[in-house]
Amino acid sequence: MAQAGFLLLAFLTGTALGGFYFLNLWGTVNKLPTAANPTAMMITNFGLRMGITLTGFFLVMAGRWERALAAMLGFLLIRQVLVKTLGRKPSAT
């Protein structure tokens, strides 16, 4: 029973990490047209996103592949949800 609790916690942590990663990516891409130095902004933001996300995955898995899998499923689920909600809207033209 405790294992199921850890897997649920890993899944929820994966959704939080996915939300952080993809919402931050969305915000960065939207700011690119007005950025003074878009290349530096993209590289810096990518490094921070990846560093935080990979550290989160490393901590949540605690050496167990099952937890890493549960976190990855949450990460991918939130990606799909955000693509549906924030995806490109059809233009009116």
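Q: How many aromatic pairs does a search of the whole structure find?

A: Rings of Phe, Tyr and Trp (its six-membered ring) pair if their centres lie within 6.5 Å; planes under 30 degrees apart count as stacked, over 60 as edge-to-face and the rest as tilted. Here the search finds four aromatic pairs. One of them joins Tyr 21 and Phe 75, a tilted pair with 5.8 Å centre to centre and 55° between the planes. This is a predicted model, in which local features need pLDDT of at least 70 and side-chain atom pairs pLDDT 80 or more, whereas totals for chains, interfaces and linings use all residues. Residues are numbered from 1 along each chain as its sequence is written, and side-chain values use heavy atoms, without hydrogens and water.

Q: Which parts does the pair of Tyr 21 and Phe 75 tie together?

A: Helices (H or I, at least four residues) are DSSP runs, numbered from the N terminus. Tyr 21 belongs to helix H1 (residues 2-31) and Phe 75 to helix H3 (residues 65-86), so the pair ties together parts 54 residues apart in sequence.

Q: Is Phe 75 buried or exposed?

A: Buried means under 20% relative accessible area, exposed over 50%, and partly exposed in between (1.4 Å probe, protein chains only). Phe 75 is buried at 10% relative accessibility, and Tyr 21 is buried at 11%.

Q: Which residues form one aromatic cluster?

A: The cluster consists of Tyr 21, Phe 22, Phe 57 and Phe 75.

Q: Which residue lies over the face of Tyr 21?

A: A charge sits over a ring if NZ of Lys or CZ of Arg is within 6 Å of the ring centre and within 35 degrees of the ring normal. Arg 49 lies over the face of Tyr 21, 4.8 Å from the ring centre.

Key:
Helices (H or I, at least four residues) and strands (E, at least two) are DSSP runs, numbered from the N terminus.
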